[in-house]
Amino acid sequence: MSLELRLPNITATTEAGKLIQIQSYLYQTVQQLNYALGTIEDGTSGKVLYTGKGTGGGRESGGVSPEDAAVTFNSLKGLIIKSADIVNSYYEVINTRLEGLYVAQSDFGTYTEETAQDIEANSTGIKQLFTNVQEIITDVENVEHTLIEVNAHIKTGILYYDDDGVPVYGLEVGQRTEIDGEEVFNKYARFTSNKLSFYDQNDNEVAYISDRKLYITHIEVTGSYAIGDLVDTVRSDGSVVTR
């Protein structure tokens with residue numbers, strides 16, 4: 001890899017401004033040198049920069065694996081961003097809020113349901129935030145619940161970037177439910193092109209399906225399950241019958 005060291009561009013008219021520009025120049029130069037030295041070390045250990053796709057479907061002679069190429073890409077990406085003199089960022093954003101209200105009154109009390117949806121869309125995805133608040137105001141005694149509040153979200157587009165910096169597109173659905181101020185439910189799920197995952201309220205992945213396999217932390221069977229030709233049935237007393 002060729003490395004070109006630029007002369008500092010000192011345009012400030014004050015001493016303080018010149019010092020700031022020199023400091024920025026030194027920082028960028030060190031970043032470039034660190035990257036160049038890392039590339040030299042890779043070359044002496046038998047690795048060279050990835051030069052493109054081979055015609056035979058495999059790795060090109062003298063090239064490196066896609067994994068090493070991804071590492072090089074991410075290193076160069078970080079170097080460019082940290083040392084950039086000019087950064088342009090442009091996103092078109094659409095924001096919309098929709099609201100609804102339902103009220104029913106009778107001799108037994110008043111029931112209200114307030115709903116809202118906030119939509120934010122840009123070139124990377126769409127985010128929908130939902131709220132649903134149901135409340136009963138009544139003089140009737142022994143009413144078990146008087147307030148239910150649900151907050152939910154649906155995200156489509158880029159969900160995250162993987163370890164190689166590649167954007168992963170998909171769908172995420174989550175819901176948090178409170179009854180009379182107490183949280184009773186808080187989970188979400190993600191669906192991508194190669195994986196379906198389920199998460200608890202602490203962002204722990206408790207189960208997922210990938211590559212035609214199901215991975216799960218705990219399992220509870222209340223009916224029957226089959227493994228090949230073997231079928232087990234769980235009785236009400238907890239015993240298992242095999243047939």
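This is a predicted model: local features need pLDDT of at least 70, side-chain atom pairs count only at pLDDT 80 or more; totals for chains, interfaces and linings use all residues.
Me: Why is leucine 19 called exposed?
Reply: Exposed means over 50% relative accessible area with a 1.4 Å probe and protein chains only, buried means under 20%, and partly exposed lies in between. Leucine 19 has 59% relative accessibility, and therefore counts as exposed. Leucine 19 lies in helix H1, residues 15-44; helices are DSSP runs (H or I) of at least four residues, and strands (E) are runs of at least two, numbered from the N terminus.

Me: What makes up the nonpolar surface patch of about 360 Å²?
Reply: Ile10, Leu19, Ile22 and Leu26 make this patch. In a patch, residues have over 30% relative accessible area and no salt bridge, with nonpolar side chains (Val, Leu, Ile, Met, Phe, Trp, Tyr) joined within 5 Å and like charges within 9 Å. A salt bridge would be a side-chain nitrogen of Lys or Arg within 4 Å of a carboxyl oxygen of Asp or Glu. Areas follow the Shrake-Rupley method with a 1.4 Å probe.

Me: How do you know that E10 and strand E11 pair?
Reply: Pairing requires at least two DSSP bridges between two strands. E10 and strand E11 (residues 230-234) have four bridges in the antiparallel sense, and therefore count as paired. Serine 224 has threonine 233 in E11 as its bridge partner.

Me: Why do strand E10 and strand E12 stand at the edges?
Reply: The open sheet has the order E10-E11-E12. Strand E10 (224-227) and strand E12 (240-242) each have a single partner strand, so one side of each is left without a neighbour in the sheet.

Residues are numbered from 1 along each chain as its sequence is written. Local features need pLDDT of at least 70, side-chain atom pairs count only at pLDDT 80 or more, totals for chains, interfaces and linings use all residues, and side-chain values use heavy atoms, leaving out hydrogens and water.
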